[in-house]
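Let's take a walk through a protein model together. Have a look at the sequence and the 3D view first, then read on.

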Amino acid sequence: MEVNTDIVIVGAGISGLATALALHRLGIKSLVLESSDKLRAAGIAFTTWTNAWRALDALKIGDTLRQQHGELSGISSLSTVTGDLNSDITFTDKGNKGNDHEVRCVRRKNLLEALAKELPKDTIRYSSKVVSIEEVGFSKIVHIADGSIFKTKILVGCDGVNSVVAKWLGFKQPALTGRSAIRGCAYYKEGHGFEPKFQLFVGNSARYGIVPCDDTAVYWFFTWSPSAQESRTLQEADQLKLKQFVLTKLGNVPDQIMSVIEDTRVEEIVRSPLGYRPPLQILFGNISKDNVCVAGDAFHAMTPDLGQGGCSSLEDGIILAKCLADALRENSSSPGENDGSKDEYKRIESGLKNYAKKRRWRAIDLIYTGYVLGWIQEFDGFGIRFLRENFLSAYLSGFFIKKADVDPRDFVLEC
């Protein structure tokens with residue numbers, strides 16, 4: 001049975017749900033196809049910077065998430081070689097919702113649930129794995145593994161690094177960096193006692209960070225470039241072995257910091273290789289084509305070093321929805337008027353090109369900056385380490401704030 005719908009979004013991750021909710025706020029209905037049977041909370045938590053909060057406020061869920069996650073006061077960078085504090089940056093006007101540097105660590109599960117809760121009940125269709133895409137006239141036909149078929153005017157791929165939609169647009173698989181990440185979250189019923197600060201430890205060819213989510217939860221990450229022997233050893237390692245491995249690699253860090261790893265339940269620990277979309281693919285590739293486009297990791301997979309993967313996915317959702325709304329309403333009294341016409345098709349194509357134009361260089365900048373930042377922080381040659389610890393630490397940490405400073409006008413959703 002073939003179902004007709006104006007907009008199909010593939011993937012109920014951050015970018016997919018943000019796009020659907022932004023469209024909903026603009027009075028436009030969409031259908032989200034999610035391959036899993038429920039919302040996926042992989043990734044545990046992520047740091048949300050100023051740009052993310054502007055997007056979340058535009059989506060009208062910012063205050064809900066603020067109640068669940070504490071605000072961070074700053075970011076400090078320390079050496080795991082010497083144990084010394086290399087830099088300490090304070091986020092100004094703490095507690096003021098409208099300040100320039102609002103930063104919190106948000107649990108991915110809480111964010112996805114907050115986005116999904118605001119959508120009409122029939123927006124998300126679970127257990128809907130896309131297996132193929134074909135063109136018929138001005139429409140795209142989306143085939144689902146269970147045999148269902150959806151005919152749509154607009155197809156948006158928010159289906160992650162293994163995106164079917166990105167492949168249809170001609171993108172290759174994201175490239176691997178040769179680095180890996182182990183992440184986890186420790187919970188303390190009686191409170192963890194850490195100050196509300198992002199603490200980053202760099203040295204010994206690794207990065208280790210802890211970020212409180214609230215008074216009872218502390219998110220942590222460990223990134224490094226595994227040797228061939230480590231790769232073989234950890235390939236089939238269970239979560240207990242991953243935990244033990246991180247404890248042996250931390251270097252010169254305070255006991256309280258190391259205890260975060262020790263206090264983490266093994267079921268809260270995950271490992272993943274670090275990949276990215278090479279900037280040249282984004283520069284010359286098809287972010288959009290006809291009435292199809294990509295957003296989120298399907299578009300701009302990046303390393304986590306800058307903390308902008310999830311944040312930029314929220315940006316995508318807002319800006320894409322605005323471009324689509326403008327295209328659908330141009331010379332039309334309602335989004336559904338001129339159904340299937342060439343004029344409407346051209347307006348949609350133009351709107352998606354506008355979205356691609358707005359997002360192309362932003363994505364390239366974030367991918368490149370994050371890649372270089374991670375390389376400098378992990379590379380442990382003496383010359384680089386000396387420069388990093390004595391001159392570059394504050395400059396490098398400043399990129400977290402600088403790259404989150406986007407124009408607030410980009411996040412205004414108006415019907």
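Is Leu396 buried or exposed? With a relative accessibility of 5%, Leu396 counts as buried; buried means under 20% relative accessible area, exposed over 50% and partly exposed in between, using a 1.4 Å probe and protein chains only.

Before going further, note that this is a predicted model, where local features need pLDDT of at least 70, side-chain atom pairs count only at pLDDT 80 or more, and totals for chains, interfaces and linings use all residues. Residues are numbered from 1 along each chain as its sequence is written, and side-chain values use heavy atoms, with hydrogens and water left out.

Back to Leu396, which sits in helix α13 (residues 382-402). Helices here are DSSP runs (H or I, at least four residues), strands are runs of E (at least two), and both are numbered from the N terminus. Leaving aside residues up to four places away in sequence, Leu396 touches Leu373, Ile376, Gln377 and Arg388, where contact means heavy atoms within 4.5 Å. Leu396 and Ser87 are 309 residues apart in sequence, yet 9.6 Å apart in space, C-alpha to C-alpha.

Now for some charged partners. A salt bridge is a side-chain nitrogen of Lys or Arg within 4 Å of a carboxyl oxygen of Asp or Glu, and by this rule the count comes to 28. Here are some of them:

| Salt bridge | Closest N and O atoms |
|---|---|
| Asp214 with Arg107 | 2.9 Å |
| Arg362 with Glu315 | 2.7 Å |
| Arg388 with Asp380 | 3.1 Å |

What does the bridge between Asp214 and Arg107 tie together? Asp214 lies in the loop between β13 (206-212) and β14 (217-224), and Arg107 in strand β6 (residues 104-107), so the pair joins parts that are 107 residues apart in sequence. Asp214 is buried at 17% relative accessibility, and Arg107 is buried at 18%. Arg362 and Glu315 are buried too. Arg388, one of the residues touching Leu396, counts as buried at 4%. Salt bridges also link Asp57, Asp63, Arg66, Glu71, Glu102 and Arg104 in a network.

Finally, a pair of helices. Helix α1 (residues 14-25) packs against helix α11 (residues 309-329) at an angle of about 35 degrees, with the axes 8 Å apart. Axes are lines fitted to C-alpha atoms, for helices over the stretch in contact, and angles run from 0 to 180 degrees between N-to-C directions. Among the residues that meet are Ala18 and Ala22 in α1, and Gly317 and Leu324 in α11.
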